[in-house]
Amino acid sequence: MSLQVPNHHKERICSLYSDDEVLDEDDRSSPPWPNESSKSSFCLPHTGRLSPSIKEDSSQLAAVIKMGWLDKNPPQGALYYQRRWVKLDVDYLRYFDNEKEVYSKGLISTAFITSVSSVGELKFEVATNNRTFIFRAESETERNEWVCVLRDCTGGRHRQSSLTSGSPLAPDYQGYLELRGLRSKLYTVVASDKVFLYKNIDDYRIGVGITSIDMNVGNVKDSDRRSFDLTTPYRIFSFIAESEQMREQWVKAMREAIGEALSNSEVVERIWAEPSNSSCADCGAPKPDWAAINLCVVICKRCAGEHRGLGPSISKVRSLKMDKKVWTEELIQVFLGLGNERVNSFWAANIPPSEALSPSSGSEDRRRFITNKYRQGKYRKYHPLYGNQRELNNALCINVQCSDLLETLSLIFCGADVNCSTGMASCPTPESLASTHSQPLQAELLRHNLNTELPQLQVDGGMDLEHYQPPPTVSYNGFLHKTASMGRAVTERKVKEDFSRRWCTLNDGTFSYYESDKNAIPNGTLKDSDIVCLAVDAPDKHGFEFTFELYSESDRLYLFGTDDPDSHKEWVKCIAKSFIPASAEPLLRLSFERIGRLKCKDGLNLQQSKVGWFALTGSTLHVYLEKNKGEEIHLRKLNELSIQQDNEVLVLVEKGRTLYIEGERKLDFAGWCAAIQAAAGSGGDTLSQQQLTETDIPVIVLSCIDYITQCGLTSEGIYRKSGVNSRVAALCERFRQDARSLRLKEGEHQVDDVSNTLKRFFRDLEEGLFTTENGSNWLGATAIQDENEKISEYKVLLDRLPRVNKATLQALINHLYCVQRFADLNQMNLHNLAIVFGPTLFQTDGKDYTAGRAIEDLIQHYILIFEVDEQQLNKQLEEIKAIIKMREKLNTKFPVRNADIHPRTEGDGHFICTVYLEELKATAEQHVKIPGSMTAAELAYEVLDRRNIPVKEKDYWSCWEVCENQEIERPLHYQERVLPILHSVGNESLLLIKKQPAMDAMITYLGTKVDVSKHGMMKFREERAFLGLGLPTGNFHDRFFILNSTSLRMYKDVRSNKPERDWGVKNLKIYLGIKKKLRPPTCWGLTVVYESKKQDKPERQQWYLCCETQTEMREWYATFLSIQYEGNLWPQDGLQQSRVSRVLPDTRHGNVSLIPLRGSENEMRNSVAAFSQDALALLRDVR
């Protein structure tokens, strides 16, 4: 039997009943094909179905064990098979017309399945006492999986008698109803919160039905006389009762079912708020709605039945939906505080894998397991005091005075007497003791176990008796001043009037604050598991001199302050100790500014995030990852520091490693980002406080040296001529704010401005390059007459310099040595450089030449003093000569057109590309330097910016790859890197910046799609004959295509089961258009290029697809892009937001490409080396 709902676009004729039954006996020989009409068939009107965009209710999928496509053969002996979408859950095997349908064509109760067996090729049969259903899978493996899972689900069950009420249902109301438009009545059953439809009462008794309706989404409305409507978001069921009186009873029963589904959902939703409670504690089934309130476990319906068999003295089973009165606020808090995961760390600590349950386990397995687990306590974790009754009772009396519920549960079920004497007249029992000490949850747990029968399994061998030691806790109390909790960062100064004085306590892992020390009930509490970050503010940041901030899991910020430094220090230490795990305990010994928990990914294993514990101290980030030793990240030495993925990922790139810190919560993550960025910046005016490279050279020094080496070595009077003071000051300030993010570019920055920036940096340097302590010794060494002795003295002084000063001095003198070697071009010989840099580096007034003499000595004897490898130095000089020659050639190829335009060059290691704006004309040409990190959006913006073209809302400017004499083209994704495209395109290809007219329509289309897949007919032609297809190369042929999230499959026709070809979507490149010489049948075509990523056997294929309409082509293309880029077709804030200041790695260390957050390991490794073809890369390694 079936209830077939017609397709939204086309009416569909379908059988009322399921595939194995028809309405009229004389129609048995007619297979119910969709295109054939039959007297036994009917078509529901379109009004019978509501909006198709509404997704299937989650409840329909809650307990699904397996689902997939199968072919089903009706049991009357018909030869045809019908393709069905089949789902199996713990109670029913259901089959549907397709995966989008909510209501099945038929269902089989798993309680009535007697056997499941393989029969014939790819087939298997599901047998009940009265019926046999045959299914066919697509492969042997798939068939075996279905057989195995069905056997697991149905094995060991007690079979229902065909004479009794069919189904584990307890019907609230049942009988025959007529469904409007049909000649026969359906047997309808209202049970709990569902309505079931059967062909007749016999089918109900044998557990073979049509469909079930979840009433949590239903609504019942009276119609006329005997009629009423059951309305759901997916379908309207119009019923006709036998009489008006019967209609009233049906309406009442269905409305009560709706009430059953909705009235008590509050308790179950609250219990499920603890994530581990959303799976059964015994078998792992999802969405359990029963609980054993004394054992503190949340369980599913099937396990609850076995718990009842243990008796109420062992397991007190209650429904989360129906037994509302049982669920007091205290009991709910007990279940939220414990949760199945923590409780199972006691009850299920030692389960052998062979004995573990699964959602499909049968009744006998469940009964055996649950008996072992709770009646015998076979798998529990034994308390150290097990067997020592006196100490167990003593431990229970001590523990109920604190908040550790799990310890109390362990003590009770390891033998502690819940009714033991405490020895105190005022509190004679543990329950009264818990109430007296304001522990209502402990009292609730004890109350439900006053008469519980304890597990009886004995432990083999003797156990040593131990004296009870309560769990170690951190305790502290005192007055603090507190502001109201906030949901945003504290950006303004809080004065003392903004704070309120509160009595605060830290005990048993709970931080509580009270109105005063006289109050017993706290104004608020924070568990140690809720605290994710502790930040220590700088003194006097707020009205109170010493303040700290607590960030919670719920994304709230709590600000506390005091004027007592000792109290402040002790609070910070105790709070940090309460929530930092023992594995990260060394962090507590640091004088941290911020400490807490973050998720992160590192290396090439980016599939799963790790939990890390972080502490920020000065410019060093200390990290403890899961099962790893602690490590330090020197933030001022990072190659790159940036925020990506809509401000949810902080990327730290250091030499040989990339670390991704993820933002789980916005508030504390924003605080970490700001703190790390500030710590990574320049922290003062000394050399050691600058942002440094891996070789301990300030980034500002290397940036200026590299730029002048590339662009200024032939500039006459370099370092002697003055730059524009305002521009020099601006450069100095930008370097001071974040030297790493500033990229010096020819045309944007002038050589003389950069050279003066470098000099000003050294002149303003606190303590100077040679240090205040040793500067006079350097000047004194110039008076030594013997050259060898002088050089030896310089070496001694060099070794005395701090590490950063020594490395910086060597880099600078190396640069000046190279400058004077090209004095014939720049007129800056040894003497001229010494005159300029002597007073600058020694910070003197320049009235005598002593400082100049010292610099002259260092340059002249550079090789000896710094022990330089002459071969390496000569190689460096040869490469500089190559740069100069390359610049001369480029100046010839791209002559200067006016005084404001600088020659185009590859001097900074970038590629130069000609890009066209909107049309292929010489007037539309733009010559653009393409760095390895440039994206298509950045290239488009740069070209538009040059032409002063404003970007308006919904202006979808894109960079297009145009090929094949402009017959095919492809818009690059806005995040796609441009440089790989330049390496791969042919001589006839080019880049074009223009608007993408179809983008708005594609975004609208994707927004209305329920899922990402698409299927349909297209005309296909291959570039060359594929082996096995047998298609001539000169024609287009109709083929059926299915595109899903992983692959594009091509079938001979819509009825084919086996695809002719299967291509991975990620390896496809889609172009709009088809070459004219191929004579496509329509003008709406796509050119598809498939490139395999296998290094041992790379493969490239090309074929062509033709659509009937432009809209159809656009929909296919949009679906391709949506799958390849995970729905991210266009930046949410438009192209304007894609213009970012690219944070490039330090060029002396080569280009470190960021590893993608998703993808295979090969893709990750390829991305690291994607842009290693820089012709001038050797220049980055010169020291």
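In which sense do strand 22 and strand 23 pair, and over how many bridges? In this predicted model, strand 22 and strand 23 (residues 510-514) are antiparallel and share five bridges. Leu506 lies opposite Phe511 of strand 23. The two strands make a hairpin with two residues between them, and Asp508, in the turn, has a positive phi of about 55°. Strand 22 (residues 500-507) is also joined to strand 21 (residues 476-482), through seven bridges and again in an antiparallel arrangement. Asn477 faces Thr505 of strand 22 across this pairing. Strands of a sheet pair through backbone hydrogen bonds, in either a parallel or an antiparallel manner.

An open sheet of three strands, in the order 19-18-20, shows antiparallel pairing. Its edges are strand 19 (297-299) and strand 20 (317-319), each of which pairs on one side only. From one strand to the next the twist averages 30°. Helix 5 (residues 301-310) packs on this sheet and touches strand 18, strand 19 and strand 20. The direction of helix 5 makes about 120° with that of strand 19. Strand 18 (residues 290-292) and strand 19 are joined by three bridges, and Ala292 has Val297 of strand 19 as its bridge partner.

Helix 1 (residues 140-154) has 15 residues, and at 1.5 Å a residue it should span 21 Å; its end C-alpha atoms are 21 Å apart, so the two values agree.

Glu248 belongs to helix 3 (residues 244-262). The C-alpha atom of Glu248 is 9.7 Å from that of Ser227, a residue 21 places away along the chain. Asn388 is located in the loop between helix 7 (363-375) and helix 8 (389-399). Between the C-alpha atoms of Asn388 and Gly415, which are 27 residues apart along the chain, the separation is 8.6 Å.

The largest nonpolar core comprises 68 residues, and those with the most contacts inside it are Tyr719, Trp778 and Leu809. Helix 19 (residues 803-821) contributes the most to this core, with 10 residues. Leaving aside residues up to four places away in sequence, Trp778 touches Phe770, Tyr794, Leu797, Leu798, Leu801, Leu809, Phe842, Ala854 and Leu858. Another core, of 49 residues, lies apart from the largest one and includes Leu385, Leu409, Cys420 and Cys427.

Helix packing was also examined. Two packed helices are described by the angle between their axes and the distance between those axes. For helix 16 (residues 751-763) and helix 21 (residues 830-842), the angle is about 35° and the axes are 7 Å apart. Helix 16 makes the contact through Lys759, Phe762 and Arg763, and helix 21 through Val836, Phe837, Pro839, Thr840 and Leu841. By class, five residues of this contact are nonpolar, one is polar and two are charged.

Methods: Residues numbered from 1 in each chain as written. Predicted model: local features only at pLDDT ≥ 70, side-chain atom pairs only at ≥ 80, totals over all residues. Heavy atoms only, no water. Pairing = 2+ DSSP bridges. Helix = DSSP H or I, 4+ residues; strand = E, 2+ residues; numbered from the N terminus. Axes fitted to C-alpha atoms, helices over the stretch in contact; angles between N-to-C directions. Contact = heavy atoms within 4.5 Å. Core = buried A, V, L, I, M, F, W, Y, C linked by side-chain atoms within 4.5 Å. Buried < 20%, exposed > 50% of the residue type's maximum accessible area, 1.4 Å probe, protein only. Nonpolar A, V, L, I, M, F, W, Y, C, P; charged D, E, K, R; others polar. Expected span 1.5 Å × (residues − 1).
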